[in-house]
Amino acid sequence: MVEIKELYKAFGQVRVLEGINLLLDEPGIIAILGPNGSGKTTLIKSILGMVIPDKGSITIDENQILGKWAYRSQISYMSQIADFPQNIRVSELIAMIKNLRSSTDRDQALIDLFLLRPFLDKKLGNLSGGTRQKVNILLSFMFDAPLIILDEPTTGLDPVALLHLKDILAQEKQKGKTILITTHIMNLVEEIADRVIFLLDGKIYFNGSVTALKTQTAQQNLEHAIAEILKSHA
Amino acid sequence: MLKILKYSFFDLMRSRWSYIYFIFYLLMGFVLLFLNNDVDKAVITLLNIIIILTPLIGTVFGIMYYYTSKEFTELLLSQPLKRSTIFIGQYLGVAISLSLSLIIGLGIPFLIYGIARSSSIFNFTSLLIVGGFLTFIFVALSYNIALAFNDKIKGFGFAILLWLFMAVIYDGILMIVMMSFQEYPLDKFALGAVMFNPIDLSRILILLKLDISALLGYTGAVFQKFFGTGRGMLVSLSMLTLWVLLPLWNLTRIANKKDF
């Protein structure tokens, strides 16, 4: 369970998060939406301890996370940009992360699922963007953590890989995990999200189901509902 | 930390530059020791090269390693690892691999010369120790600078400026100050000033060890007079250790506060 209270963060003059209160206590897929620069990534990185908030508290299972590190073994994180060291091979990267965390055998199934076996001996610098993203997915799903955080996971994926990703997400949800996901693809949100959190100017503007969002904005379609919020806000 | 250290170490060992650096020292050691009839002269030349080059290479490698492995560092930061573990591990990986290039590169010619010609060459191991210290100090300083600046160009510029300051400008300023205030007693001032520059400290340490008083210069002579040879070496060694530990402490402090 993640609980965020009165979270503030500014980068210099730019105030990114302005008093976020959020409780994530149920299993399921939670989509964090919002225009560019609304603080989605900052919020995620605060939970991961990569960004240090100016004010406020974050607790995971009732433990404060500020300055702690061991709790991150409970989180699988997939970053927005799949930038890896150019000179190491895919298999070496997988081995290294396994060595750092814990042993797992889930990587083999994922390698086969995403057809990564022919790339294992290739250097990461020589892979295409989409293949690198698949490696990124593999690295985050090979550990069995109760909280999964995905920052724009669909970037550069081909349709087959996207289907596999959705399957994995469904399976993990079945296991009772909490999955946080940011994306700009509204179809995906409509299809998989149990709850939507809409960030605007560093605050939570909406927090509820997709249906509730549509009802509130009197729109049939999620894309239009979001556009409606942004229009009325501007 | 050992895992990160090992990874960074082998990452650098795979880089061509480590070998170029190693071969450079190897060749220089052989050429200076075996083609020079005067061992003392060869060692002085080596001293002058080591004292300028190890800080430069340490600075450049440190800063480049930080910026090129930035994305990977971010991946590590999202793993259950302590921040200080990640950065100290990387730091040790860089510093140890560079020191090894120096120690093995110069060590081989030293050893061969010692066995073949005169075993007195082993006195000059202080050159290697000081080179190692300077590497550890300047990699730590450059890591401090890299963590403080997100902009690669700024970080690189500041790091090079720091090296230039320590290696060249500092002595110049010191000399001007001493010339302008020569009618005053400057012993204590000179002594203090030396402590704040690890390159000067290293030079004095080696010259004290080799007992080449003609080359000690004013600050060195003051140092020797004040502390005596034995205590002088002890003082300079402990100052050099402090020069490694303080930047390391500051490095963990900045790393713990930084947003990634």
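**View 1. Helices α3 and α5 of chain B cross in a right-handed sense.** The model shown here is predicted. Helix α3 spans residues 39–68 of chain B, and helix α5 spans residues 83–116 of chain B. Their axes come within 11 Å and cross at roughly 160 degrees. Angles over 145 degrees count as roughly antiparallel, so α3(B) is roughly antiparallel to α5(B). From α3(B), the residues that meet α5(B) include B:Leu46, B:Ile50, B:Ile57, B:Phe61 and B:Tyr65. Their counterparts in α5(B) include B:Phe87, B:Val94, B:Leu98, B:Leu102 and B:Phe110. The residues of this contact are 14 nonpolar, four polar and no charged.

**View 2. Helix α1 of chain B meets α5(B).** Helix α1 covers residues 2–13 of chain B. The axes of α1(B) and α5(B) come within 7 Å. They cross at roughly 40 degrees, which means that α1(B) is oblique to α5(B). This crossing is right-handed. On the α1(B) side, the contact is made by B:Ile4, B:Leu5, B:Ser8, B:Phe9, B:Leu12 and B:Met13. Among the partners in α5(B) are B:Ile86, B:Gly89, B:Gly93, B:Ile96 and B:Leu100. Here the residues divide into 10 nonpolar, six polar and no charged.

**View 3. Four strands of chain A form an open, antiparallel sheet.** The strand order is β2-β1-β4-β5. Strands β2 (14–24) and β5 (63–64) are the edges, each pairing on one side only. Inside the sheet, β1 (residues 2–11) and β4 (residues 55–60) pair in the antiparallel sense over five bridges. Follow two of the residue pairs: A:Lys5 has A:Ser57 as its bridge partner in β4(A), and A:Tyr8 has A:Lys55.

View 4. A:Ile60 stands opposite A:Asn63 in β5(A).

**View 5. A second open sheet in chain A has six strands and mixed pairing.** Read the order as β6-β7-β8-β3-β9-β10. The edge strands are β6 (75–78) and β10 (203–208). Each has a single partner strand, so one side of each is left without a neighbour in the sheet. On average, neighbouring strands are turned by 15 degrees against each other, direction ignored. One pair to find is β6(A) with β7(A) (residues 147–151): four bridges hold this parallel pairing. A:Tyr77 stands opposite A:Ile149 in β7(A).

**View 6. Chain B is in contact with chain A.** The contact involves 21 residues of chain B and 26 residues of chain A. The size of an interface is often given as the accessible area lost when the parts come together. Between chain B and chain A, the buried area is about 2200 Å². Carbon and sulfur atoms give 61% of this area. Look for B:Ser78, B:Pro80 and B:Asp259: they supply 26% of the area that chain B buries against chain A, more than any other three residues.

Notes: Residues numbered from 1 in each chain as written. Chains lettered and ligands numbered in written order. Predicted model: local features only at pLDDT ≥ 70, side-chain atom pairs only at ≥ 80, totals over all residues. Heavy atoms only, no water. Axes fitted to C-alpha atoms, helices over the stretch in contact; angles between N-to-C directions. Parallel < 35°, antiparallel > 145°, perpendicular 65-115°, else oblique. Left-handed = near helix turned anticlockwise from the far one by under 90°. Contact = heavy atoms within 4.5 Å. Nonpolar A, V, L, I, M, F, W, Y, C, P; charged D, E, K, R; others polar. Pairing = 2+ DSSP bridges. Buried area = accessible area lost by both parts, 1.4 Å probe.
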